[in-house]
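Let's take a look at how this protein is put together. Have the sequence and the 3D view ready as you read.

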Amino acid sequence: MFLTPDFVRDNEEWIIWLLGSEFHEKASFQALVQRTRLLDEQVEEAVRNLERVKEVRVEREAGSIVSVSLLPGGIELFESLRIKSGTPE
């Protein structure tokens, strides 16, 4: 079972953490849904929120999210989460 780490406060941080730590800054929408075990709608909402504050870039096809990648703001958030986690660089 996949558990959200204790230092992650919300779905947005969970997605940023996964993009930075497991997906090497880019993942398909379905990979995020599978890894988080969140509903499609929950992942979509979190990704829209992150896109709005320019932490991720979203690739869409026919209006649907295809992939999500970190932008510099998202990398900064990932680094702050990495420090909270105690994970070495």
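Which strands does H2 lie across? H2 lies across S1 and S3, and runs at about 85° to S1. The model is a predicted one, where local features need pLDDT of at least 70 and side-chain atom pairs count only at pLDDT 80 or more, while totals for chains, interfaces and linings use all residues. Residues are numbered from 1 along each chain as its sequence is written, and side-chain values use heavy atoms, with hydrogens and water left out.

| Helix | Lies across | Angle |
|---|---|---|
| H2 | S1 and S3 | about 85° to S1 |
| H3 | S2 and S3 | about 125° to S2 |

Helices (H or I, at least four residues) and strands (E, at least two) are DSSP runs, numbered from the N terminus.

Now for the sheet. The three strands form an open sheet in the order S1-S3-S2, with antiparallel pairing (at least two DSSP bridges between two strands). S1 (26-28) and S2 are at the edges with a single partner strand each, so one side of each has no neighbour in the sheet. S2 and S3 are joined by six bridges, and Val 56 sits opposite Leu 70 in S3.

Val 56 also turns up in the largest nonpolar core, which has 25 residues; Ile 16 is another of those with the most contacts inside it. Such a core is a set of buried (under 20% relative accessible area, 1.4 Å probe, protein chains only) Ala, Val, Leu, Ile, Met, Phe, Trp, Tyr and Cys residues joined through side-chain atoms within 4.5 Å. H1 gives the most to this core, six residues.

Terms used:
Buried means under 20% relative accessible area, exposed over 50%, partly exposed in between (1.4 Å probe, protein chains only). Contact means heavy atoms within 4.5 Å. Axes are lines fitted to C-alpha atoms, for helices over the stretch in contact, and angles run from 0 to 180 degrees between N-to-C directions.
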